[in-house]
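Dear colleague,

I am handing over the structure below, and I would be glad if you kept it open while you read my notes. After it comes an account of what was found.

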Amino acid sequence: MQLSLSLLAACCAVASLAAQSNAERIANDHYTRSHDYDLIHQKIEVSHFDWDSTSFDGRVTTTLVARRATLDSVILDAGAKLLLKRVTGTGGATLRTARSGDTLVVFFAKPIAFGDTVHFIISYHGVVENGRGLTYISPDRQPHRPRQIWSQGEDHDNHFWFPTYDFPNDKMTWEVVATVPKGMTAVSNGRLVSDVTAKDGSRTLAWLEDKPSATYLVSLVVAPLVKVHDVWRNVPVDYYVYPEDSALARPLFKITPDMIDTYSRLTGVAYPWAKYAQTTVADFFGGMENVSATTLVDWLPGPHDYQDRPWYPWILIPHELSHQWFGDYVTTENWANMWLNEGFAEFMPGQYWERTLGTHTAQDYYLDEYDQFMQIDHDRRMPLAALGSNNIYPKGALVLRMLKQYLGEKPFWASVHRYLTDHAFDNATTDDLRQAVLDATGQNLDWFWDQWIYQAGYPEFTVAAKYDSAAGTVTVLVQQTQQDSSKADSTGLRFTTPDAFRMPVTVRVGTAAGDVTARALLSRRQDTIVVGNIKFAPTMVIFDDGNTILKRLTFEQPTAWLATQLQRDPDLWN
Ligand SMILES: [Zn+2]
């Protein structure tokens with residue numbers, strides 16, 4: 001039998017991929033897109049917005065550097081509905097282009113060498129399928145719904161309104177220059193460098209984001225908005241809302257400078273952007289952490305909506321704000337590591353509430369995350385680091401909380417600081433976080449990353465405790481009962497659950513003469529922990545004192561023990 005060479009090569013490629021575990025795929029950048037240039041800067045000029053045809057005029061000036069020996073063309077992402085008028089290079093010469101679907105190829109007048117810089121200008125008439133890249137909102141005679149436009153880039157939608165490299169692993173600086181109708185303003189990233197009103201009342205605002213970030217974070221909001229101004233140190237903190245909402249804005253958003261201050265102190269990285277704007281728009285799904293210019297839903301709670309910690313200030317504002325460090329300052333290199341963005345953004349609000357409202361409030365916060373995670377894991381079990389992982393928010397928050405408890409307060413924040421500063425204005429993968437922890441603490445936590453991030457699931461403990469009055473011991477039998485029933489997908493990838501999780505654990509035994517604790521390392525399907533020096537009958541036995549392990553616990557014990565525990569250690573989870 002004969003096989004063609006290409007077929008043979010294809011077979012081998014699939015076979016070698018199938019042999020890779022989830023951890024190997026992620027460590028080997030399997031999900032990172034390749035390209036042969038380095039995007040440096042884009043000037044994005046937009047004008048003549050038309051709500052009826054969901055269109056506008058665009059002109060994008062791109063600067064990039066060749067990353068190939070002889071670069072004669074570049075491949076950009078550009079929505080098929082963007083109608084090119086002209087593409088010109090240095091000196092105004094027209095450049096040849098080719099289109100295929102949402103891809104645009106620009107051919108240079110002559111090839112450029114590795115490391116050389118090239119500029120070109122793309123002029124186009126932009127048409128969007130409403131909601132892809134840009135969303136045009138018409139009032140429809142509804143109240144609280146002024147005419148407006150907002151962009152949404154994440155994951156791969158910004159190229160539907162401007163040609164760019166639409167993947168997170170190439171950072172650039174940019175300008176957004178928007179000419180908007182009379183009565184409207186434009187909010188974008190970075191600082192406002194000019195604002196000119198023409199005779200007809202139209203306004204041209206130029207925003208400059210002069211620190212590199214990812215292209216999915218380019219943002220534009222066009223709407224009739226008022227600015228409510230606040231400040232953190234010398235950084236403007238602005239809230240853009242409809243004029244009718246101006247009285248609601250400050251009571252809702254006034255917490256922001258204190259949150260910026262807390263996050264800056266915890267991470268040791270002062271808020272890194274020129275300003276922080278929060279802009280509210282209609283029909284938004286929640287919030288989006290566009291760099292220095294977060295977009296939020298226009299549901300502003302009034303004074304009667306604050307009871308029982310409503311979602312908006314409790315999680316939305318602090319979540320999107322923490323992305324300014326985790327996601328915008330350091331950005332996941334690909335979407336399989338997206339938990340680095342979302343896990344930290346979901347973890348940080350609990351840290352803020354712990355510092356402002358205390359430990360129990362923080363426990364309450366993470367208990368919500370725990371309940372969410374358990375439901376998601378029940379529906380479908382996936383690792384934290386995986387393409388399309390379903391648990392990056394709650395499990396990300398819980399695993400980071402666990403890492404903090406394991407390392408301790410100072411080593412944890414030193415690790416976070418290291419992670420942020422080593423990858424400032426750049427990209428990172430899970431392995432970069434592992435390296436940052438190793439560099440900051442000297443701790444090789446290969447087992448931690450493997451079981452909590454690259455593998456799936458959590459330990460399910462069945463625990464039994466027995467008191468031996470003659471020996472003066474409490475013997476705690478710990479069984480891990482989690483099952484791995486996952487199957488490989490069509491590419492051979494299988495999300496495994498560890499047979500036994502490895503974690504240190506503390507058992508606390510309460511007695512009339514005081515508490516006795518024992519610390520042990522769990523690493524097997526069945527472990528036995530003997531707590532000695534128990535001179536009186538136990539009044540309670542706490543397994544995993546301090547609740548340091550993400551787990552499900554079954555521990556049959558006398559009601560009196562539980563009552564003592566509830567009285568003495570009202571931990572919400574144990
Ligand atoms: Zn987020």
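Which elements are included in what covers the buried residues of α9? Among the elements in contact with them (heavy atoms within 4.5 Å) are α4 (256–267), β20 (330–332), α6 (339–357), α8 (394–407), β21 (426–428) and α10 (430–441). Before going further, please keep in mind that this is a predicted model, in which local features need pLDDT of at least 70 and side-chain atom pairs count only at pLDDT 80 or more, while totals for chains, interfaces and linings use all residues. Residues are numbered from 1 along each chain as its sequence is written, and side-chain values use heavy atoms, with hydrogens and water left out.

Helices and strands here are DSSP runs numbered from the N terminus (helices H or I, at least four residues; strands E, at least two). Buried means under 20% relative accessible area, exposed means over 50%, and partly exposed lies in between, using a 1.4 Å probe and protein chains only.

The buried residues of α9 are Phe412, Trp413, Ser415, Val416, Tyr419 and Leu420. Seen down the axis of α9, these buried residues fall within an arc of 150° (taken from the directions from the helix axis to the C-beta atoms), so they line one face of the helix.

In helix α12 (residues 559–568), Trp561, Thr564 and Gln565 are buried. They fall within an arc of 100° when seen down the axis of α12, so they too line one face of the helix. Thr559, Ala560, Leu566 and Gln567, on the other side of α12, are exposed. The cover over the buried residues of α12 includes β22 (460–468) and β27 (540–543).

**The zinc site**

The zinc ion has as its protein donors His319 (NE2), His323 (NE2) and Glu342 (OE), which lie 2.0 to 2.1 Å from it. Donors are N, O and S atoms within 2.8 Å of the metal (3.2 Å for Na, K and Ca), and since water is not among the atoms, sites may look incomplete. Along the chain the donors follow the spacing H-x3-H-x18-E. Histidine 319 in helix α5 (residues 311–322) and glutamate 342 in helix α6 are 23 residues apart, and this pair links distant parts of the chain. Both histidine 319 and glutamate 342 are buried.

**An open sheet**

Seven strands form an open sheet with mixed pairing, in the order β4-β7-β2-β1-β10-β13-β12, where two strands pair if DSSP finds at least two bridges between them. The edge strands, each pairing on one side only, are β4 (83–88) and β12 (191–197). Strand β13 (residues 203–214) runs antiparallel to β12, with six bridges joining the two, and leucine 192 stands opposite tryptophan 207 in β13. Nine bridges join β13 to strand β10 (residues 171–180), also antiparallel, and here valine 180 stands opposite arginine 203. The hairpin of β12 and β13 has five residues between the strands, and in it glycine 201 takes a positive phi near 90°.
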